Amino acid sequence: MYENTLSVTVLLIALGQILLTISLAIPRLNKAPIYLPLTLFFISSGLTFSLPAINTIWPKFTYYSLYLLLPTIFIQPVSLWLYIKGLTTTKAWRINRHYWPHFIPALLGVLSAVYIATIPSSMVIDLVITGQQPTEKHAIVLVLMLFILFVIFMIQTTTYLIVIVKRLIRYRQQLHAVFSSTEQKELLWVIWLVSIFALTWIAVLLHMFPFIYNNSPLVSSDFISLCYFAMIWTLSIWGLRQKPGFESHNVEAGKPVNNIDILSTISTVNERLPNEKPRISSPQSKYHRSALGKDQSKSIANKLHKAMQSQQYYLHANLSLPELAKYLLVPPNYLSQTLNEHLGESFFDYVNRLRTEHAKTLITKQDTSLLDIAMASGFNAKSSFYKAFKKYTGVTPGKFKKNLSNNVKIEPS
């Protein structure tokens with residue numbers, strides 16, 4: 001598959017990157033089990049993509065590499081899914097028996113490899129490597145078996161990629177329900193990773209399908225190897241330093257947040273998922289089991305507004321909903337329900353809207369840099385400040401400041 005020198009070189013470099021990452025991940029397994037699926041992904045993907053390059057250098061190894069390829073191609077999507085699940089879960093992630101059914105396709109790969117071992121090696125080489133037409137019974141069974149495994153793999157990969165994307169969407173909604181600043185938790189790099197993963201496998205299919213009809217490949221091996229290297233590089237750089245989004249901490253107080261408060265808030269948010277809109281007209285479809293009445297919700301909303309005006313809690317850069325609930329002396333799930341049901345906003349949107357209003361006031365009254373204003377308004381980063389400001393005003397902070405200088409009236413978006 002990879003007879004090109006550039007492809008072999010890139011894949012061997014990726015293999016070196018994989019070995020380095022695995023050596024760094026293994027010592028962390030005792031303290032952080034989330035690195036287990038990450039390590040499995042590197043091992044399985046390294047074998048799947050790098051073995052053809054090794055076969056080019058050592059042709060005699062080609063036959064034996066089949067025994068490794070069949071199980072490992074099924075481990076990749078599973079291990080990637082488990083790693084993403086570990087990053088996005090609200091509880092400490094650990095491998096358990098409930099995950100074992102996900103590895104059934106890999107077990108089928110192992111059984112297939114055992115079956116191949118019972119077939120004469122010359123037959124396997126003629127059929128799989130040189131591409132000769134099957135004539136004997138064992139060869140026909142082998143072709144059928146490989147085709148079934150291929151279909152299973154395509155269904156498996158597609159399913160897990162879809163599930164991962166849905167998981168990330170849900171995770172983002174949960175983040176916005178709990179945290180006011182999410183720069184280090186958004187996992188935007190995972191979207192890039194999943195995109196490269198999907199592109200790589202599409203490229204592999206486009207490369208391999210024409211061989212069935214003895215035609216030239218539609219995608220070069222160079223493109224496949226570069227896509228794979230980009231995937232490995234992304235996961236190597238970010239995978240080892242990314243922490244789970246709901247890892248309990250309180251930066252302001254330096255004390256851990258009660259994880260029960262976070263779980264309570266998330267369970268409240270889950271009442272309205274997968275609905276995307278925070279507002280709702282029918283009380284039966286959301287919070288239907290909540291004991292919070294309309295009058296109590298209105299009282300919490302008034303208490304929230306007064307506290308925000310007098311104490312300006314939104315200026316705390318790492319303010320979370322459980323923290324704010326403690327300040328207000330109300331249950332976190334009641335506060336979350338009040339924000340979403342009574343005010344029609346997530347916690348994230350509510351706090352960042354107040355921060356934007358505060359920033360507008362500072363821009364109007366102070367002649368200082370926009371970065372200083374962003375920090376003084378509770379934003380953690382300039383990028384999040386610009387994004388929120390544009391969302392709630394319709395213009396960038398720089399444009400807003402320029403319009404003020406020119407006495408241009410700005411209408412809120």
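Predicted model: local features only at pLDDT ≥ 70, side-chain atom pairs only at ≥ 80, totals over all residues.
T72 lies in helix α3. T72 has a relative accessible area of 7%. The cut-off for buried is under 20%, so T72 counts as buried. What does T72 touch, leaving aside its neighbours within four places in sequence? The answer is S44, L47 and T48. The side chain of T72 also reaches back to the backbone: the oxygen of L69 is 3.2 Å away.

Follow the chain past the end of α3. Helix α3 spans 62-88 and α4 spans 104-117, and H102 sits in the loop between them. Is H102 buried, exposed or partly exposed? Its relative accessible area is 25%. Buried needs under 20% and exposed needs over 50%, so H102 is partly exposed. Not counting residues up to four places away in sequence, H102 touches V78, W81, Q156 and Y160. With Y160 there is a polar contact, side chain to side chain, at 2.5 Å. L82 is 20 residues from H102 in sequence, and the two C-alpha atoms are 9.7 Å apart.

Now turn to the nonpolar interior. In soluble globular proteins, nonpolar side chains tend to be buried together. Here the largest nonpolar core has 64 residues. Y83, W189, Y228 and L235 have the most contacts inside it. Which helices supply at least two residues each? They are α1 (5-25), α2 (35-57), α3, α4, α5 (121-129), α6 (137-178), α7 (188-212) and α8 (221-239). Helix α6 gives the most, with 13 residues.

Take Y228 as an example. Leaving aside neighbours within four places in sequence, Y228 is in contact with L11, A14, I18, S45, G46, F49 and T200.

Helix α13 covers residues 347-365 and helix α15 covers residues 382-393. Their axes are 9 Å apart, and the packing angle is about 90°. Angles of 65 to 115 degrees count as roughly perpendicular, so α13 and α15 are roughly perpendicular to each other. On the α13 side, the contact is made by D349, N352, R353, T356, A359, K360 and I363. On the α15 side, it is made by F385, A388, F389, K391, Y392 and T393. By class, this contact has 6 nonpolar, 3 polar and 4 charged residues.

Definitions and conventions: Residues numbered from 1 in each chain as written. Heavy atoms only, no water. Helix = DSSP H or I, 4+ residues; strand = E, 2+ residues; numbered from the N terminus. Buried < 20%, exposed > 50% of the residue type's maximum accessible area, 1.4 Å probe, protein only. Contact = heavy atoms within 4.5 Å. Polar contact = N/O pair within 3.5 Å; in protein donor to acceptor, adjacent residues only side chain to side chain. Axes fitted to C-alpha atoms, helices over the stretch in contact; angles between N-to-C directions. Parallel < 35°, antiparallel > 145°, perpendicular 65-115°, else oblique. Nonpolar A, V, L, I, M, F, W, Y, C, P; charged D, E, K, R; others polar. Core = buried A, V, L, I, M, F, W, Y, C linked by side-chain atoms within 4.5 Å.
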